Amino acid sequence: MVEKTGVRGVKSAARTVALLELLAGRGEQPSRLDQLAEELDVPRSSMYQLLQTLVDCGWVRTDVTGSLYGIGIRALLTGTSYLDGDRRIRVVRPYLDEASDALGETIHMARLDGPDVVYLATRESHEYLRTISRVGRRVPAHAGGLGKALLAERRDDDLPLPKGPLTALTENTHTTRASLHADLARIRERGYSIDREETVIGIAGFGFALRYTTPATDAISCSVPVARLTPEHESRIVSVMREMRAKIESQLPPVSGVPDWR
């Protein structure tokens, strides 16, 4: 097992990370020992020992019977530390507030992570408040405004897409590379992406890559119900979001002594 750095990976560490990611991806759905051992192709006894260690450390939780497992509270503490320790997120947050106040719509910031984007911050519309936070959730990059804005910053032959067919979240999601590439060409020409019910039916999105790194890894977007998306409102959204992007990029030049995280 050799990693991208050329350093041989530690099998037990890789197994631990895979387990935590699997549990995190299942959300409220608990897992049983046999399920986890089978899915990760790990001996049952080894999986049991690993789970018990992680339960003792707070990274995994179990029910009163000791037969069901889920992600533990330590994962939340680590995730919060990631958000609090990232200078770019701190700089962007006030501009998300400003855009949300100006437009009355939901504004997001997300970061490209492999073939997905991960939500880092959200300001909900005053018209519709979600009861579940999007922060930390993943969406395939090809399936929405945030991801497409970031994919358009890359060459078509260098896109971090999964192998095989592209996953469809709605009937409007790109499922072929040909249609996605055509859309990315329009985004490069236009300067921002448009998601017309590709991620969620009834919701349109407008994504803007933040070009303080090359290629861009972060983006902001505005989501709006299609029922109230008039041509005038769309024009207003694009104008405000372009202004927010310019303000953010002006605040985030390289800073001496601050790590430029990969």
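Student: Which residue in β3 is the bridge partner of T62?
Tutor: Happy to start there: this is a predicted model, where local features need pLDDT of at least 70, side-chain atom pairs count only at pLDDT 80 or more, and totals for chains, interfaces and linings use all residues. Residues are numbered from 1 along each chain as its sequence is written, and side-chain values use heavy atoms, with hydrogens and water left out. Strand β3 (residues 68–71) runs antiparallel to β2 and is joined to it by three bridges. Within β3, T62 has as its bridge partner Y69.

Student: What is the order of the strands in the open sheet of three strands?
Tutor: Strands here are DSSP runs of E with at least two residues, helices are runs of H or I with at least four, and both are numbered from the N terminus. Two strands count as paired if DSSP finds at least two bridges between them. β1 (31–32) and β2 (60–62) each have a single partner strand, so they stand at the edges, with one side of each lacking a neighbour in the sheet. With antiparallel pairing, the order is β1-β3-β2.

Student: Which residue in the turn between β2 and β3 has a positive phi?
Tutor: β2 and β3 form a hairpin with five residues between them. A positive phi of about 75 degrees is found in this turn at G66.

Student: At what angle to β3 does helix α1 run?
Tutor: Axes are lines fitted to C-alpha atoms, for helices over the stretch in contact (heavy atoms within 4.5 Å), and angles run from 0 to 180 degrees between N-to-C directions. Helix α1 (residues 11–25) lies across β1, β2 and β3. Its direction relative to β3 is about 95 degrees.

Student: Is L54 buried or exposed?
Tutor: L54 sits in helix α3 (residues 44–57). Beyond the residues up to four places away in sequence, L54 touches T16, L19, L20, W59 and V60. Under 20% relative accessible area is called buried, over 50% exposed, and in between partly exposed, with a 1.4 Å probe and protein chains only. L54 has 8% relative accessibility, and therefore it counts as buried.

Student: Which strands stand at the edges of the six-stranded sheet?
Tutor: This open sheet has the order β6-β5-β4-β9-β8-β7, with antiparallel pairing. One side of each edge strand is left without a neighbour because each has a single partner strand, and these strands are β6 (138–140) and β7 (193–196).

Student: Over how many bridges do β8 and β9 pair?
Tutor: β8 covers residues 203–210 and β9 covers residues 218–225. I203 stands opposite P225 in β9. The two strands pair in the antiparallel sense, and the number of bridges is eight.

Student: What angle does helix α8 make with β8?
Tutor: Helix α8 (residues 231–251) packs on the sheet and touches β4, β7, β8 and β9. E234 lies in this helix and, leaving aside neighbours within four places in sequence, is in contact with I194, R196, F206 and L229. The direction of α8 makes with that of β8 an angle of about 25 degrees.

Student: Which residues make the nonpolar surface patch of about 310 Å²?
Tutor: Patches are made of residues with over 30% relative accessible area and no salt bridge, joining like charges within 9 Å and nonpolar side chains (Val, Leu, Ile, Met, Phe, Trp, Tyr) within 5 Å. A salt bridge puts a side-chain nitrogen of Lys or Arg within 4 Å of a carboxyl oxygen of Asp or Glu, and areas come from the Shrake-Rupley method with a 1.4 Å probe, with only the protein chains shown counting as cover for residues. L77, in helix α4 (residues 73–84), is partly exposed because its relative accessibility is 45%. The patch is made by I73, L76 and L77.
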